[in-house]
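These are my notebook entries on one protein model.

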Amino acid sequence: MINKLLADRSLPPVKEPSEMLEIMLREVYGYLPDPPEKLTFEVMHSQKTCAGKATLKNMVAHCLVKGKEFSFPFTAVIPTNSKKVPFFVHINFRSDVPDRYMPTEELIDNGFAVFSFCHREVTYDNEDMSDGIYGILYPDGKRGLHDAGKVAVWAWAAQRVMDYAQTLGDLLDLSKGVVCGHSRLGKTALLAAATDSRFWCAYSNDSGCTGAAVSRGKRGESVTVINNAFPLWFCENYKKYAHKEYAMPFDQHYLVGAIAPRYVCIGSATEDIWADPVSENLCCAAASPVYEKMGKKGFVHNGELAKAGESFFEGSIGYHLREGSHYFSRTDWLKLIEFLKSKM
Ligand code: GTR
């Protein structure tokens, strides 16, 4: 069934991860900004949290970008009594921790630290070219064809949080950093991992169009629709593919494959037709040969599309389908933890 559906999509064959990444940056996301010229971290406030099991720190990353100071806040929640823990960098829709879509105490109880920041604190999610770091990158309000879209800039910020994590080698297992996000921020998580090998794994929740779903034959949102609705998310060059999905020299399996040989986990929801679970499931299968060429298990499945409640976690690419609508649910977090623990 999967093989037949895949054949119908006529996806381009996979290439080397570095080649696929280059194509995705040039054609879709734009090149990420350079790392900051200078980077320091400031602790604004520190307190015990999660019934004393963790320390919560309100942090600010001070970055020097193109000679200008740019700062954004993030939160660190780190278990108090265990050392060398794996950790999440959660690209979040909200600034506050606790957050109803991030079961922080449960993450701590499962032995993880979590870092979280709100994408809007980096650059606002609208057509304003002057907000946040975007205003520093493009002071005259103009972008070149291949310059970073907002997704690329949010991914850049996740890498700054990873820079902070690198300073905590006694508390964290630096080889087990997981970048994760939901929807537009799931697209961002995949890109952040593809462009930064310090991430051990990426998790995309319901990221759909221009995220974990292949665009050829996709239901719901299309390349045309997403570029019209969100003209700054991706680079200008991507707009030329409106109504031309089948002519693209890539598809979204190139983004997943660019993370190889590291781990990727994709979560879909049955009612999220806009994101399209089937196209996300097929994307996993289409990226699998990259891993297989590297001698790894790629996407291991039973030949059928996943049913509600089912997960395929045996290979380096994991996939799960849960019932319900478009949000980052506790179920998704627990499935992700199950996937990660099976790889430790
Ligand atoms: C939708 C958009 C999707 C998805 C979603 C989200 O409006 O069409 O691509 O990213 O927003 O981020 O919640």
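**Entry 1: the sheet**

I traced an open sheet of ten strands with mixed pairing, in the order S1-S2-S3-S5-S4-S6-S7-S8-S10-S9. Strand S1 (38-49) and strand S9 (311-312) stand at the edges with a single partner strand each, so one side of each has no neighbour in the sheet. I note that this is a predicted model, in which local features need pLDDT of at least 70 and side-chain atom pairs pLDDT 80 or more, while totals for chains, interfaces and linings use all residues. Residues are numbered from 1 along each chain as its sequence is written, and side-chain values use heavy atoms, without hydrogens and water.

I took strands (E, at least two residues) and helices (H or I, at least four) as DSSP runs numbered from the N terminus; two strands pair if DSSP finds at least two bridges between them.

**Entry 2: strand pairs**

I found S2 (residues 54-65) and S3 (residues 68-79) paired antiparallel over twelve bridges, with Ala-76 in S3 as the bridge partner of Lys-57. Two residues lie between the strands of this hairpin, where Lys-66 takes a positive phi near 50 degrees. S3 also runs antiparallel to S5 (residues 113-118), joined by three bridges; Thr-75 has Ser-116 in S5 as its bridge partner.

I then turned to S7 (residues 201-205) and S8 (residues 263-269), which pair in the parallel sense over five bridges. Helix H6 (residues 184-194) packs on the sheet and touches S4 (85-92), S6 (172-182), S7 and S8. Its direction makes about 145 degrees with that of S6 (lines fitted to C-alpha atoms, for helices over the stretch in contact; angles from 0 to 180 degrees between N-to-C directions).

**Entry 3: burial and cores**

I counted ten of the eleven residues of H6 as buried (under 20% relative accessible area, 1.4 Å probe, protein chains only). Lys-187 is one of them.

For nonpolar cores I used buried Ala, Val, Leu, Ile, Met, Phe, Trp, Tyr and Cys residues joined through side-chain atoms within 4.5 Å. In the largest, of 96 residues, Phe-72, Phe-115 and Phe-117 touch the most other members. Helix H5 (residues 150-165) gives the largest share of this core, twelve residues. A second, separate core of 25 residues includes Trp-200 and Phe-328.

**Entry 4: Glu-245**

I located Glu-245 in the loop between helix H7 (223-229) and helix H8 (253-257). Which side chain of opposite charge is nearest to Glu-245? I found Arg-216, 8.5 Å away; Glu-245 is buried yet has no salt bridge (a side-chain nitrogen of Lys or Arg within 4 Å of a carboxyl oxygen of Asp or Glu). Lys and Arg count as positive and Asp and Glu as negative, with His and the chain ends not counted. Beyond neighbours within four places in sequence, Glu-245 is in contact with Ser-215, Arg-216, Ser-222 and Val-223 (heavy atoms within 4.5 Å).

Terms used. Buried < 20%, exposed > 50% of the residue type's maximum accessible area, 1.4 Å probe, protein only.
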